[in-house]
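Please look through the sequence and the model below before reading on.

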Amino acid sequence: MSKNNNHKFLAISIVLNLIIFQLSYGFQIIIPTNINWLMTVYHDWGQHYLGWAYFRAEPWHFPIGSIENYNFPAGTNVGFTDSIPLLAIIFKLFSFLLSDTFQYFGIWFLSCHLLLGYFTFKLLNLFTKNYILIVVAVLLVSYNPIILYRALHPALCAQWLLVASMYFYLRNTSKENVHIINKKQLFILVLSALINPYLFLMVFGFAVILPFKNYYFDKLISLKQVFLYIFSGLFIVFVSWLLIGMVSFSTTKTMEVQNSYGLYGFNLNSFYNSSGWSSFFQALKTYSPRQYEGFSYLGLGIFILIIISSIYLIYIASKKSLHIKKYYKLFPFFLLIFIATIFAITNKVTINNTLLFDYYLPEIILKIGNVFRASGRFIWILFYAILFYFLWILIKSKIPEKAKIFLMILICSIQFYDTKLLLTKNLQPGDYKVLPLNEDKWTEISSNFQKIITYPLYNNSLLYNSDYQDWCYIALKNKLPITNGYVARESGTKNLMYQQQFQEEIANAIINENDLIITTPKYLSDFNSLIYKQRVDIGFMDGFYYLYSRENAKMNKHHFSKSELFKADSIFSKLKNTYKITTINKPIIHENKMQFNIEKFTFQNQIINLKGWAFLNDNPKVNDVIFIALSNDKNTYLLKTNSIERLDVSGHFKNDNLKNAGFKTSLITDEIENGVYNMSIGIQSGNEILFQSANKPVIEIMNEINPIILKELPKVTNSITYNLEESLIKSNKIILSGWGFMNEKSMKNTKISIILESDSLIYSLNTTIIPRPDVANHFGEKIDSENVGFKLNFEQQILKKGEYKIGILFTDNEGKKEAFIITDKTIKN
């Protein structure tokens, strides 16, 4: 047939391809403003769209693929959201011409099927001029089960890159076209790197074997040119990835996921395991649910193709007319298939739900496998090789042409019926509206903030599956950073450090006034310190709590519903009971009565946060209650902790009664008298509470300082011995400490105050009394108490600016002023 017929049948294959695309996807998905079909599946499509949308919404960074507001604060890269960097960068360049809502994934799907059909046409055209046969085969390949199954991962639908590489390898080469073919393969390699790293590695295999074949078998290029093609390709890819940010010299980001190679491998049943997508065959068992990455179901139509072609092969073999030696140039291709297949299977060889065997691999192979952990995908090279091999057998057979066409149409029809569940997408076109959430209300609320924090941080399913997509979409509408977003590679320690810092802040009742916090009822208790200290307002909508600082002026006009106000009051009342502190007599401290471990202890902003486990040595019970006690010579305060299930503790000690041995609490010290306290752990078993020292440093309670303004200085006396050891300003706080006592006067229950005098004001501030046994031992009988130490720590802002003289005032237990002295120290505020 003429070249015109070639073009005519190519056009026919494109038209038929478009018809099947309409029946499968629907042309609505190529409309750029239609994102509903992407976001409503709550799967990978949402991630890919959000990656592109955030990338587009931000100014250009370097590396140029960087995204800062998604997965805040570490951010990510448009390559790590699988948003097809090639298209993302191109469309961002022309963003000013695009609609506010814009997606390119629909046209990408269409392009992938058309290009797969195009290169299938070109490849099969190398072996036959029966264009009707080629057109039917194009449809069979263009909508094969693998590309249909990978539709939820758009970048991986660029499997035409593999078929194009096969086409370039199988083309006849000459001196005139050898460099053109290798340059086209080089171009395909760079394209693959800008689409997906997995496809790049597969195409790279062809970029190696093609010039090697041209050198070793065809004798058309030199060895130097072989290395030139290979390393120039690697260099261009590396520079491209460096510019985009997919590789870096300076970041802690790593491409390797430890111990992941072998989890996502190819199961030996995958070619005939439909995984539930067949109209005829049920799903088979697999060794691991993660082996979906090796999905490569051939389909009943291709099974029939293989059977017919195999029968023909056996017939040919019986006639001794096979000439295997003439295909020696395919040896590098077979080697590539072998390597890719072994890598796909991994060192854990499985069939169905059985591990046949595993074997040792060198560390370097494991590292590569940990980078490309979804190793089952590498079976695609063998899949397409099988498909094209048996198509070639049928095409080259001596079966009558009309019979071949009939068989191909039958095979294709059976194949499509078998895989109709994959072909039928049932996508929902139209504009996207966040249905589980009140999108308009949440958008309005979040517009008053500079950042959205979803809690727990980086949890992609807070209340319902993949709800991170809806929160990211709402944050995107206000161009806000958000502490969420699914990415292919994590950022190392940056997010972990931010998470730890945030948890420490909320435990200590610290909140940024520009942050909007979104959480669920399950985790609301983590904000108890903020709620109890009334640092935040609380709202409730769509099953989520939202919290924000009361210092956020933009939210002053926000109106809560009656149900929200009721919930907030109920939460606060419950917390008052939870944090109820009782006063008891000083307990007897026992030793070796219990085992415990305080795993977390922080004391900041006058809030003690504790987490750990404890149990009695003798006869521990499941319902034992754990307390925390703070004691000094004057007072003992007792707080009941919250019980936490600790199966690790019960497992370690082999005692089921210890499953509730964990405890967690936040002790807010507002109602505790200032002073220095020792902490102990109490366990109630029956009617008795046994206490044991917590072996923690003494805790100094210094609640909010309220200075008193005096009209005049107390009368100065000379009957004082003292030492003002510390007087400084640090981190916006004034710190004064030392010791002192009245000569020949009792110091029992004596109050020590600091007097600050400026030119216009006199302040009196109460100090915290601290035992100083070192001072008592030094002065012996001159003093009758160890409580001669004092410390004062308060914010600079509570004093007016100026320079202050420092005085020390001693007041006895009856409230009479006994002694006062002005020191030689001053402090400048």
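This is a predicted model: local features need pLDDT of at least 70, side-chain atom pairs count only at pLDDT 80 or more; totals for chains, interfaces and linings use all residues.

Four strands come together in an open sheet whose order is 5-6-8-7, and their pairing is mixed. At the edges stand strand 5 (451–454) and strand 7 (536–541), each with a single partner strand, so one side of each is left without a neighbour in the sheet. From one strand to the next the twist averages 25°. Strand 5 runs parallel to strand 6 (residues 515–519), to which it is joined by four bridges, and within this pairing the bridge partner of I452 is L516 in strand 6.

Strand 6 is also joined to strand 8 by three bridges, and these two strands run antiparallel; here I517 stands opposite L547 of strand 8. Strand 7 and strand 8 are likewise paired in the antiparallel sense, over six bridges, with M541 placed opposite F544 of strand 8. Two residues lie between the strands in the hairpin of strand 7 and strand 8, where D542 takes a positive phi near 55°.

## How strand 8 is covered

How many of the residues of strand 8 are buried? Six of its six residues are buried, and the strand is therefore described as mostly covered. From strand 8, F544, Y546 and Y548 point one way, while Y545, L547 and S549 point the other way, and all of them are buried. Helix 22 (residues 562–578) lies across strand 7 and strand 8 (544–549), and its direction is at about 125° to strand 7.

## A second sheet and a separate hairpin

Another open sheet is formed by four strands in the order 21-22-26-25, and in this case the pairing is antiparallel. Its edges are strand 21 (720–730) and strand 25 (768–770), which have a single partner strand each, so one side of each is left without a neighbour in the sheet. The twist from one strand to the next averages 20°. Within the sheet, strand 22 (residues 733–742) pairs with strand 26 (residues 789–795) in the antiparallel sense over seven bridges, and K733 is found opposite E795 of strand 26.

Elsewhere, strand 3 (residues 348–351) and strand 4 (residues 354–358) run antiparallel and are joined by four bridges. The bridge partner of T350 is L355 in strand 4. These two strands form a hairpin with two residues between them, and N352, which is in the turn, has a positive phi of about 55°.

## Helices packed against one another

Helix 5 (residues 105–124) packs with helix 15 (residues 380–396) at an angle of about 45°, and their axes are 12 Å apart. That angle makes helix 5 oblique to helix 15, and the crossing of helix 5 and helix 15 is right-handed. On the side of helix 5, the contact is made by L116, T120, L123 and L124, and on the side of helix 15 by Y384, F388, L391 and I395.

If its neighbours within four places in sequence are left aside, F204 is in contact with L189, I230 and L234. The C-alpha atoms of F204 and A193 are separated by 9.3 Å, and the two residues are eleven apart along the chain.

## Cysteines without a disulfide

A disulfide is a covalent bond between the sulfur atoms of two cysteines. How many disulfides does a search of the whole structure find? The search finds zero disulfides.

C412 is in no disulfide either, as the nearest cysteine sulfur, that of C157, is 18 Å away. Are C157 and C412 buried or exposed? C157 counts as buried because its relative accessibility is 1%, and C412 counts as buried at 6% relative accessibility.

How values were computed
Residues are numbered from 1 along each chain as its sequence is written. Side-chain values use heavy atoms; hydrogens and water are left out. A disulfide is a pair of cysteine sulfur atoms within 2.5 Å. Buried means under 20% relative accessible area, exposed over 50%, partly exposed in between (1.4 Å probe, protein chains only). Two strands pair if DSSP finds at least two bridges between them. Axes are lines fitted to C-alpha atoms, for helices over the stretch in contact, and angles run from 0 to 180 degrees between N-to-C directions. Angles under 35 degrees count as roughly parallel, over 145 as roughly antiparallel, 65 to 115 as roughly perpendicular and the rest as oblique. A crossing is left-handed if the near helix is turned anticlockwise from the far one by less than a right angle, and right-handed if clockwise. Contact means heavy atoms within 4.5 Å.
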